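The points follow the display of the sequence and the model.

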Amino acid sequence: MTAPKTLVVLLALASVSACGIIKPSEDRLLFDGKSFKAKAKPVDKKASPTDFTVVVKGASASLDGAREAGRHEGTKFCVQNFGSSRIDWKVGPDTEPQNLRISDDQLTFAGKCQRP
């Protein structure tokens, strides 16, 4: 193959492979029209694996949205780890606003996954 033909083939392959690329911002879930970074993790994986916390960053953008992002992340955590979406929230999305844990623009929930 000559250099120009090789270049054409490489450009064609590159353009076809780029068709499936999705920007991460287009793939995010929105809550109250906003995107939140949320992370759920176990409190103590060995002693009580079903107890977990969820931290939602940027809670000041929308408290309602942050609450729903936290609910979603907690539900996802329980389904992936225990096969159930049932959660006993100690502090969660339905907690009265004055009793929520908000610090440094982060909302923190605590819950326990209920096994099926």
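How many aromatic pairs does a search of the whole structure find?

1. The search finds 3 aromatic pairs, where rings of Phe, Tyr and Trp (its six-membered ring) pair if their centres lie within 6.5 Å, and where planes under 30 degrees apart count as stacked, over 60 as edge-to-face and the rest as tilted. One of them joins Phe52 and Trp89 edge-to-face, at 5.6 Å centre to centre and with 70 degrees between the planes. Because Phe52 lies in strand E2 and Trp89 in strand E3, this pair ties together parts that are 37 residues apart in sequence. Phe52 itself is buried, with a relative accessible area of 1%; buried means under 20% relative accessible area, exposed over 50%, and partly exposed in between (1.4 Å probe, protein chains only).

2. Trp89 and Phe109 also form an edge-to-face pair, 5.5 Å centre to centre with 70 degrees between the planes. Since Trp89 belongs to strand E3 and Phe109 to strand E5, the pair ties together parts 20 residues apart in sequence. Phe109 counts as buried, at 0% relative accessibility, and one aromatic cluster is formed by Phe52, Phe77, Trp89 and Phe109.

3. On the basis of these notes, the model is a predicted one, in which local features need pLDDT of at least 70 and side-chain atom pairs count only at pLDDT 80 or more, while totals for chains, interfaces and linings use all residues. Residues are numbered from 1 along each chain as its sequence is written, and side-chain values use heavy atoms, with hydrogens and water left out.

4. The secondary structure comes to 2 helices and 5 strands, and from the N terminus on the elements run α-β-β-α-β-β-β. Helices (H or I, at least four residues) and strands (E, at least two) are DSSP runs, numbered from the N terminus. Of the 116 residues of the protein, 28% count as buried.

5. Helix H2 (residues 63-82) has 20 residues, which at 1.5 Å a residue should span 28 Å, and its end C-alpha atoms are 28 Å apart, which agrees; the expected span is 1.5 Å times one less than the number of residues. Among the buried residues of H2 are Gly65, Ala69, Glu73 and Phe77. The buried residues of H2 pack against strand E1 (37-44), strand E2 (48-57), strand E3 (87-91) and strand E5 (106-113), with contact meaning heavy atoms within 4.5 Å. After H2 comes Gly83, whose phi is positive, near 75 degrees.

6. The largest pocket has a volume of about 180 Å³. A pocket is here an open set of points on a 1 Å grid over the protein atoms alone, where a 1.4 Å probe fits, with protein on both sides within 12 Å along at least five of seven lines, and lining residues have an atom within 4 Å of a point. Its lining includes Arg28, Phe36, Lys37, His72 and Lys76, and H2 gives the largest share, 4 residues.

7. Two residues in the loop between strand E4 (101-103) and E5 deserve a look. Asp104 lies in that loop and has a positive phi, near 55 degrees, in a residue other than glycine; Asp104 is exposed, with a relative accessible area of 71%. Asp105, in the loop between E4 and E5, likewise has a positive phi of about 65 degrees although it is not a glycine, and Asp105 is partly exposed at 33%.

Technical notes. Points joined across faces, edges and corners; volume = space filled by probe spheres on them.
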